[in-house]
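Have the sequence and the 3D view ready.

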Amino acid sequence: MYPSPMADGGYDVADYMAVDPRHGTVADAERLVAAAHARRLRVLFDAVPCHTSIAHAWFREHPDWYVWSPVDGPANNWRAAFGGPAWSRDEVSGRWYLHSFYPEQPDLDWRNRAVPDAFGACLRFWLERGVDGFRVDAIDRLLKDPELRDDPPASGPPPLPLHKEHEVLEHVHSRNAPDIGTALARLRAAARDALLVGEAYVPTRDLPPYLEHIDVCFAFELFHAPWDAAQIRAAIDQATAVGPKRVAWVLSNHDFKRLPDRVGDANVRAAALLLLTLPGMVFVYQGDEIGMTNGPGREPPDDRAGRDPYRHPMAWDDGEPNKGFTSGTPWLPVTGAPDGAVAVQRADTGSLLHLYRDLIELRRSLDGPVEVVDAADGVLANRRGEHLIALNVGPEPRPAPRAHRLVRHTHHVGPRSVPATLGPGEGFVARI
Ligand code: NOJ
């Protein structure tokens, strides 16, 4: 919602202390936060500390706040996250600047003390207006190798997928510097005790240095895990090893294919059951709770990296203009959900929306870490305190683990006994 030329869906911020007039005003943002607080909801804003927009006044007023090549050309072989070289020539000064993402997003130099000071003032601007915390973008890019050494060629498939051109290198110098903690400590000092959720796009096992300063970080292995019991189990185990409730779980976001397009339509309910019964913080991407699939995007595309199809807006009511999302003009069409918008699903207790709501309510009564429960091949079974969570992630019906009393089934509502068999894509929560 910050003022932005929108080269990267707003992740190219031109002013951190304002709201783009297309979206509203700072007073609107304050009203939003107050309205949420009145409902006992807390609000996180996005914070983008790694780079600004090239249109940010800082880029011209404080060029030393950015990372520049010491030579007349790219300083090294680093690749940008969406492909192409990570260095571009600034037409005004003729010098080459670093951009971990699009060329319109020059990287800030967090080794320069003035940068955390300036960025900290931006965080405090919003904290003073009642914001409760931040989802902090791309924090694994805050510090790079100070000597700007070349990244070596990739030795195998990347731990987490990104653009094909980016995957040809092992990103040992262009991100995740060994002293990343110094930048994170400055970010933390600026944010004081506000909640910080880190987007560090690194394997979960590499999160501990981040978690020294950031409250929780997204665990991306589960997000990208194939729908396979062993791989899902491995992703959960990695998070357990990092520490209880230190990862934020997420199965879907605005950067990758929609959930049904990754796990398959038949597994969407089991995926919700899995996600919402894990310990710690959970993020649900808008539209997942009504089963939205990838859309057509638009022509010409908005996002050069091809992410429009994952970003169609939330469908509230099929009977309203723009399905109730806006009375203005959305920049991507509101495509809706195969089983209907929120208004339809709200009226149907068997809907996916009701499953999400029931599980969100239920997760408050789940406690303790995930304990692995023996189950048939292809069945994933977790114990949380007095609850058993079981789901069939395989293609065949399987015997269900035994439990005492059914609490919620993925597909059936109302009183039933614990099923003896789980069909593909089925699951339940039960009392042990
Ligand atoms: C991660 C965001 O989720 C993504 O949308 C964005 O393109 C990059 N960070 C760069 O800010």
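## Around the ligand

Which residues are around the ligand? They are Asp8, Tyr11, His51, Phe82, Phe101, Arg135, Asp137, Glu199, His254, Asp255, Arg307 and Arg311, where being near means having a heavy atom within 4 Å. This shell splits into 3 nonpolar, 2 polar and 7 charged residues. Here Ala, Val, Leu, Ile, Met, Phe, Trp, Tyr, Cys and Pro are nonpolar, Asp, Glu, Lys and Arg are charged, and the others, Gly among them, are polar.

Before going on, a word on the model: it is predicted, so local features need pLDDT of at least 70 and side-chain atom pairs count only at pLDDT 80 or more, while totals for chains, interfaces and linings use all residues. Residues are numbered from 1 along each chain as its sequence is written, and side-chain values use heavy atoms, with hydrogens and water left out.

For histidine 51 the distance to a ligand oxygen is 3.0 Å, and for arginine 135 it is 3.0 Å. For aspartate 255 it is 2.5 Å. The ligand taken alone exposes 300 Å², and the protein buries 97% of that (areas by the Shrake-Rupley method with a 1.4 Å probe).

## The whole fold

Zooming out, the protein has 11 helices and 15 strands (DSSP runs of at least four residues for helices, H or I, and at least two for strands, E). Its radius of gyration is 23 Å, close to the 22 Å from the globule rule for 432 residues, so the protein is as compact as a globular protein of that length. That radius is taken over C-alpha atoms, and the rule is 2.2 Å times the number of residues to the power 0.38.

The peptide bond from glutamate 299 to proline 300 is cis, with omega near -10°. Arginine 40 has a positive phi of about 60° although it isn't a glycine.

How values were computed. A polar contact is a pair of N or O atoms within 3.5 Å; within protein, one must be able to donate a hydrogen and the other to accept it, and residues adjacent in sequence count only if both atoms are side-chain atoms.
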